[in-house]
Amino acid sequence: MSSAADDAPVPRQPCPCGSGKRYKSCHGAGDVAVARPFEGLPGECDWIALRELVPSATAALRLADPFTDRDATLATVLPLALPAIVRPDGRILLGLQVHARSGDVSRDLAHALEQALAAAPGTMLPGGGLPGPGPRLQDLLDPAGPLTPTLHDDFGFWLEDQADGPPAEAQNAEVQASLERANAAIVPTARLAGVTAAYWCEVGAKAHLRWVMPHDEDLLLDAFARLAAGKELGLGEGTRYAGSFRAHGRLVPVWDLRPGATAAEYEEPAAAFSVRLNTALAQEGPLPDAARRARDGLRGRQLTLR
């Protein structure tokens, strides 16, 4: 039996891949990957970071018409890796770090949100199956709604409403076990305040900065090459540029930091680097020989997350 959300008309939007075809006839078919599923959403780089880098975080979502009266929150991970939960009071938690079911992560997430909007309070929505053609997050979220992540030290936010109406006892035990596993595996992570989408993390005795950047990859590599040739690619004493990886169509540079250094210690170096980077991005003309050699080295240190 189909729900109202399943029967809703599919908007005649163009496919985000740029093919010129309708989304439903191109990537909406679910068999081809959309390179930048979060393109067009405010805070695209933070969406990528929350999807790939951050263990525990939430962010309020502002829904578009006709759902402006519903309260929805994005969560990096939900118990049992659920795609969505509807709280007893009707508030929605939408899980971001879920297995991709189609070629378009945005469509997958929008499908889970559609199901949550149609579900009864207290529902824990299971995953599984292709979503089929339909709206994407870009269609269901207010385009003016900012994404402001709040990072957490654990996953305690999963249980904040148990007093208002706990799930069944067996389900409760499952959630508790999932909570304990997730808390045991959490990596300390912090978002830098002075720049966009830069995240400090501490893995064992090592610390890193992973920074999702919005620039075109070729332009960004040229700028990094200019900085590398001028020995301006670091973030201060004891740091080292480690390389970069691609995630959802954007490049994510990574730096190794001084062991034991806190996130706050890199606010100023990151802000200074941002100024240097903008200067390098604004430079035109062919790369000098030293920068061309540096660029070749930078390309050799790239990976792609799939």
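Visitor: Which residues line the largest cavity?
Guide: The lining consists of L41, P42, W47, A60, L61, R62, L141, D142, G145, P146 and L147. A cavity is a set of points, on a 1 Å grid over the protein atoms alone, where a 1.4 Å probe fits but cannot get out, and lining residues have an atom within 4 Å of a point. This is a predicted model, in which local features need pLDDT of at least 70 and side-chain atom pairs pLDDT 80 or more, while totals for chains, interfaces and linings use all residues. Residues are numbered from 1 along each chain as its sequence is written, and side-chain values use heavy atoms, leaving out hydrogens and water.

Visitor: How much space lies in the largest cavity?
Guide: About 80 Å³; the volume is the space filled by probe spheres set on the grid points, which are joined across faces, edges and corners. The search of the whole structure finds one cavity of 30 Å³ or more.

Visitor: How do the residues of the lining divide into nonpolar, polar and charged?
Guide: Eight are nonpolar, one is polar and two are charged. Ala, Val, Leu, Ile, Met, Phe, Trp, Tyr, Cys and Pro count as nonpolar, Asp, Glu, Lys and Arg as charged, and the others, Gly among them, as polar.

Visitor: How many aromatic pairs does the structure hold?
Guide: It holds 10.

Visitor: Why is the pair of F224 and W255 called tilted?
Guide: The ring centres lie 6.2 Å apart and the planes stand at 45°, so the pair is tilted. Rings of Phe, Tyr and Trp (its six-membered ring) pair if their centres lie within 6.5 Å; planes under 30 degrees apart count as stacked, over 60 as edge-to-face and the rest as tilted. The pair links distant parts of the chain, 31 residues apart: F224 in helix α6 (residues 217-229) and W255 in strand β11 (residues 250-257). Helices (H or I, at least four residues) and strands (E, at least two) are DSSP runs, numbered from the N terminus.

Visitor: Are F224 and W255 buried or exposed?
Guide: Buried means under 20% relative accessible area, exposed over 50% and partly exposed in between, with a 1.4 Å probe and protein chains only. F224 has 2% and is therefore buried; W255, at 0%, is buried too.

Visitor: What makes the pair of F224 and F273 edge-to-face?
Guide: The planes stand at 75° with the centres 5.7 Å apart, so the pair is edge-to-face. F273 lies in helix α7 (residues 267-282), 49 residues from F224. F273 is buried, at 0% relative accessibility.

Notes:
1 Å grid on protein atoms, 1.4 Å probe; cavity = no way out; pocket = protein on both sides within 12 Å on 5 of 7 lines; lining within 4 Å.
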